[in-house]
Amino acid sequence: MFFRPKTYSARYPQWMVGRPLLYMSSALASLGDAMFGYGQGSIAAAQVQPSFIHRMFGKEVTMAQIQAGQTGVDPFIQAITVACLNITALLASFIAAYLCDLLGRRMSVRIGGVMYFIAALIQVFAPNLGTLIAGRCIQGLGVGILSMTVPILQCEIAPAHARGLFVSIEYICLNIGYAVSAWVGYGFFFAMPSEISWRGPYIVQAAIALVLIFWTFFLPETPRWLAQNGFQKEALITLADLHGAGNVSDPKILATYAEIVAAVEFEAHMGQASWRQLFTQYTRRCVVGITCQMFAQLNGINAILYFLPSNLTRAGFTISRSLLYSGACALVYCSGTIPAMFLIDKFGRRAFLLFGSLALAASLSIVGGLQYYADSLPLGSARVSAADAIFFGVCLYLFFFGATWGPGPWLLGAEIFPLRARAKGMSLSTGTNWLFNFIIAFITPPLFNAINAGYYFVLVGFCIISVIVVWFIYPETAHHTLEDLGEVFGDKVMDDEGHAREQAERSANAIQRERSGLPVITDSEVTLQPSTSITPAAKDEASIVMKERSSVVTIASDA
């Protein structure tokens, strides 16, 4: 196709090859999720600022009126302001399925970063609500692209035994983004009555987007995308640079490469999966991918996060204390991801999600019950003790969500689909996230206004339903390579990888000789056995290559 890349160049310096390249690629690509988390917090903090309410909604309000929930702002207008981002993110997540396959994972990340930067500038200078909504809609395009692409990138560069760790790194970056926005919002709050109090956080957002855009010029493409798009030699080199310290003859690297090549060849015979095939051939995978993101939203996270300062103000705190405690909640949210980073690969996805659903139901019950009690008390100091208890309940909820239903759905959506259907499958899962994200963001203000604390118990009901769905439908996907997951879901298994292994060793031989200046041995001059062992000649050539590798790796395809 016309837009498909004809060449591939890796611009990372040689000193990064190995673990530094792997972890830097994971962490810096996750800036895309950090920006989404940052966007959640910035709009939440702005909604309790008089200057923002006056500029965007035309209402002159005092701090006391905001604390009492008497701003005069139509809850449906407030809901549209928050939820408009989710609609464009939903659209972008499906567009990203084609961008991701056509242009590659790193180019998709770059496009998402550019969208974010443009959106941040628009919101910095927004003179009215229409402009702000336009900026948030453009931001949604960037969010949709990044939220679909980054989890795929993480799963495709991660070792099989550590996919949970890598997607948890991504999710903790999202949480850190939210935490940074909470504390940035708290700091700029003291600039009131100047409008910089809510415009300032968008300047920080633009700066984060620039860092992400810059890094995409050094980010390596994933070996699986390279192999699928005709860059077999580059796929082997990138795989070795990420996992084998640059040693293309490492037996583990060759075995992994052979699995990738076999999967690509196997799926090439079947062609790219259509949307219809996604549902008919991979039905159970689709059910898992859709429901995991659906329940991540219905379990209440964005009902809490999008309106956290407002919820804490409703509980009885002053506005400044609500913003301060929102920052504290964000730190707890971040800390919740730490158990997932180290344990979700050991204990599995099912155990984490089942425990998480029960823990979230208990936490929301605590918050809902205490909110009922607080609503029966007069405004002021009488509510402080109840508000402190609600704050504790919210912290419990955020910790358990950050450890379970936070990273879990993003990990499952990225890993459960085969390569031929991965981009479409992930876009389906991500699109579900944004659809239900929009629903929750849109219905939360009017429902809080109508049933108050009763809304928390609606969310408790969804937590209980999610326990049933996970127990009966979700298989365990931990401890399998991406290529092996077909067995878990009952797909046809590739038993014969001999031809792929032969290709892997032949590619390694050719790359080593090319790097060391030796003539490339043709197929008629060498016979390779399809096994995981490496020939003695290849080992000798590998030692030469390791000594002669330059400080910067530049790879260009012959195409």
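## Exercises on a predicted model

The side chains of Arg-105 and Asp-101 form a salt bridge, 3.4 Å from N to O. The model is predicted. The exercises start from this pair.

**Exercise 1. Trace the salt bridges of Glu-195. Which side chains does Glu-195 meet, and which parts does the bridge to Arg-55 tie together?**

Step 1. Find the bridge to Arg-55. The N to O distance is 2.9 Å.

Step 2. Arg-55 sits in helix α3 (residues 50–57), and Glu-195 in the loop between α8 and α9, so the bridge ties together parts 140 residues apart in sequence.

Step 3. Find the bridge to Arg-199. Here Glu-195 and Arg-199 are 2.8 Å apart, N to O.

Step 4. Compare exposure with the cut-offs. Arg-55, at 36%, is partly exposed. Glu-195, at 21%, is partly exposed. Arg-199, at 13%, counts as buried.

**Exercise 2. Pick out the backbone exceptions. Which peptide bond is cis, and which residue has a positive phi although it is not a glycine?**

Step 1. Most residues other than glycine have a negative phi, and most peptide bonds are trans.

Step 2. Find the cis bond. The bond from Met-192 to Pro-193 is cis, with omega near 10°. Pro-193 lies in the loop between α8 (163–189) and α9 (196–215).

Step 3. Find the positive phi. Asn-452 has a phi of about 50°. Asn-452 sits in the loop between α21 and α22 (454–473). At 37% relative accessible area, Asn-452 is partly exposed.

**Exercise 3. Describe how α17 and α19 pack. What are the angle and the distance between their axes?**

Step 1. Two packed helices are described by the angle between their axes and the distance between the axes.

Step 2. Read the values. Helices α17 and α19 (residues 384–403) pack at about 30°, with axes 7 Å apart.

Step 3. Classify. Angles under 35 degrees count as roughly parallel. The two helices, α17 and α19, are therefore roughly parallel to each other. Their crossing is right-handed.

Step 4. Leu-343 lies in α17, which spans residues 319–347. Leu-343 is partly exposed, at 32% relative accessibility. With Ile-338, Phe-342 and Phe-347, Leu-343 forms a nonpolar surface patch. Together the patch has about 400 Å² of accessible area.

**Exercise 4. Locate Arg-420. Is Arg-420 buried or exposed?**

Step 1. Arg-420 is in the loop between α20 (407–415) and α21 (422–451).

Step 2. Check accessibility. At 2% relative accessible area, Arg-420 is buried.

Step 3. Relate Arg-420 to Val-264. The two residues are 156 residues apart in sequence, and their C-alpha atoms are 8.0 Å apart in space.

How values were computed
Residues are numbered from 1 along each chain as its sequence is written. This is a predicted model: local features need pLDDT of at least 70, side-chain atom pairs count only at pLDDT 80 or more; totals for chains, interfaces and linings use all residues. Side-chain values use heavy atoms; hydrogens and water are left out. Patches are made of residues with over 30% relative accessible area and no salt bridge: like charges are joined within 9 Å, nonpolar side chains (Val, Leu, Ile, Met, Phe, Trp, Tyr) within 5 Å. Accessible areas come from the Shrake-Rupley method with a 1.4 Å probe; for residues, only the protein chains shown count as cover. A salt bridge is a side-chain nitrogen of Lys or Arg within 4 Å of a carboxyl oxygen of Asp or Glu. Helices (H or I, at least four residues) and strands (E, at least two) are DSSP runs, numbered from the N terminus. Buried means under 20% relative accessible area, exposed over 50%, partly exposed in between (1.4 Å probe, protein chains only). Axes are lines fitted to C-alpha atoms, for helices over the stretch in contact, and angles run from 0 to 180 degrees between N-to-C directions. Angles under 35 degrees count as roughly parallel, over 145 as roughly antiparallel, 65 to 115 as roughly perpendicular and the rest as oblique. A crossing is left-handed if the near helix is turned anticlockwise from the far one by less than a right angle, and right-handed if clockwise.
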